[in-house]
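Dear colleague,

Please find below the structure that I am handing over to you. My notes on what was found in it follow directly after.

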Amino acid sequence: MRELLSMVFIGIGLGFDLLGCLGLVRFPDVYNRLQAATKCVTFGTCSILFGTFLILGFTSAGIKCLLALVFIVLTSPTASHALARASHKAGVRLWERSVCDEYSNSSK
Amino acid sequence: MRSKIILFVLGFLVWCLLSWPTDGQHVLVGIVVSGLVAYFTGDLFTRRPHLFKHVTRYLWFFYYLLVFGWECFKANIDVAIRVIHPYKPLNPGIIKATTSLKNDIALTFLANSITLTPGTLTVDVDKAGGFLYVHWIDVKTKDTEKATKIIVERFEKILRKIFE
Amino acid sequence: MKIVRYGIGLIIIASILVMVLFFPDKILKVFIAPELSSVGLLKRGMGILLLSAFFCLFRILRGPTPSDRIVSIDMLGILIIGVCALLSIVTQRGWYIDIGIAWALQSFISTLALSKFLEGRDFDE
């Protein structure tokens with residue numbers, strides 16, 4: 001039963017990882033790619049780690065899985081935020097069909 | 001001083017979890033290492049240590065985790081549909097939203113939870129003016145106040161009760 | 001024209017997925033201790049993670065700006081943690097998770113350093 005539940009979690013995580021990286025290929029500019037990749041890959045890897053914790057139980061490796069999960073949830077949005085800000089300041093344009101850009105209006 | 005004690009307890013807890021079947025040697029080394037770290041860098045950890053005593057903040061934090069998990073799941077479904085759709089239903093843009101939070105930790109949590117919720121990504125935080133610049137994958141409104149009501153408010157209410 | 005490209009990509013990805021899901025031994029040669037009943041499923045799972053890593057490599061190859069490449073490197077770092085978790089189940093060795101944690105730390109710090117470098121400022125800020 002526990003193994004079946006953990007297999008379900010790992011399957012969901014693998015699907016979201018695949019879709020996130022497909023979004024990295026298909027989307028048109030850096031900011032949209034960051035959206036798809038950060039959300040889907042973070043959630044997918046967290047799901048895989050939780051399934052691994054369910055299989056291994058409260059052993060040393062299982063608890064390290066939980067710590068890695070908390071670490072990824074805290075750090076991955078921070079990294080994507082830093083990257084978005086840096087690429088906007090380095091002059092990477094938005095997609096040409098974008099609607100509005102309030103940030104470049106306000107910073108100049 | 002109280003800040004150092006809180007950092008010591010947290011560091012010792014993480015050490016015990018990392019070396020999970022803890023025996024005497026691990027506990028001894030953990031006490032020495034987390035004591036040294038807390039002695040040198042403890043004052044940087046928190047400026048208002050009396051907030052750690054309130055029980056209701058922990059309950060609100062638990063409620064925040066539930067809301068955040070549900071929003072994160074919805075966000076993933078949304079992005080996955082956009083990825084496998086043949087015509088890529090994108091309508092992106094960067095909009096401006098306001099926030100009334102002033103605390104550093106609260107702003108960090110707000111920015112992180114905006115990044116992991118449906119269709120939004122925080123680009124920059126202007127702390128002095130209280131502005132957030134948010135990249136939105138499907139812009140519904142360009143107006144600042146309406147965007148604030150849609151994006152920011154559902155987390156801001158909970159985070160104010162936790163951190164302010 | 002667009003729908004033709006979509007169809008070709010769909011066919012390629014579906015065929016690779018069928019290959020990974022039904023004939024994993026021809027693609028992956030991983031040493032496995034057969035103690036759990038679900039080891040075969042995990043082997044297929046590692047195949048799917050490998051396919052996602054190939055998408056990231058495609059973006060590193062094609063990316064028009066440096067920030068595209070940095071995004072792909074960050075995502076590769078997070079995918080490797082998943083691979084480490086699956087390997088620690090399959091081979092019954094717990095220390096693969098340690099490699100995952102260390103890799104996560106290194107990946108986060110390298111992403112921050114690269115984005116600072118992209119922003120064109122000094123490192124001491």
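The radius of gyration used here is taken over C-alpha atoms, and the globule rule set against it is 2.2 Å times the number of residues to the power 0.38. Please bear in mind that this is a predicted model.

For chain A, the radius of gyration is 18 Å, whereas a compact globule of 108 residues would have one near 13 Å. Along the principal axes, the C-alpha atoms of chain A fill a box of roughly 55 × 25 × 15 Å.

Chain A contains 4 helices and 0 strands, and its elements follow the order α-α-α-α from the N terminus. If one takes the contacts in chain A between residues at least 6 apart in sequence, 60% of them join residues at least 24 apart.

Chain A carries 10 positive and 6 negative side chains, with the centres of the two sets 5 Å apart.

Ser76(A) is located in helix H3 of chain A, which spans residues 60-89. Ser76(A) counts as buried because its relative accessibility is 5%, and buried means under 20%. Leaving aside residues up to four places away in sequence, Ser76(A) touches Thr38(A), Thr42(A) and Ile78(C). With Thr42(A), the side chain of Ser76(A) also forms a polar contact of 2.9 Å to the partner's side chain.

With kind regards

How values were computed. Residues are numbered from 1 along each chain as its sequence is written. Chains are lettered from A and ligands numbered from 1 in the order in which they are written. This is a predicted model: local features need pLDDT of at least 70, side-chain atom pairs count only at pLDDT 80 or more; totals for chains, interfaces and linings use all residues. Side-chain values use heavy atoms; hydrogens and water are left out. Helices (H or I, at least four residues) and strands (E, at least two) are DSSP runs, numbered from the N terminus. Buried means under 20% relative accessible area, exposed over 50%, partly exposed in between (1.4 Å probe, protein chains only). A polar contact is a pair of N or O atoms within 3.5 Å; within protein, one must be able to donate a hydrogen and the other to accept it, and residues adjacent in sequence count only if both atoms are side-chain atoms. Contact means heavy atoms within 4.5 Å. Lys and Arg count as positive and Asp and Glu as negative; His and the chain ends are not counted. The place of a charge is taken as NZ of Lys, CZ of Arg, CG of Asp or CD of Glu.
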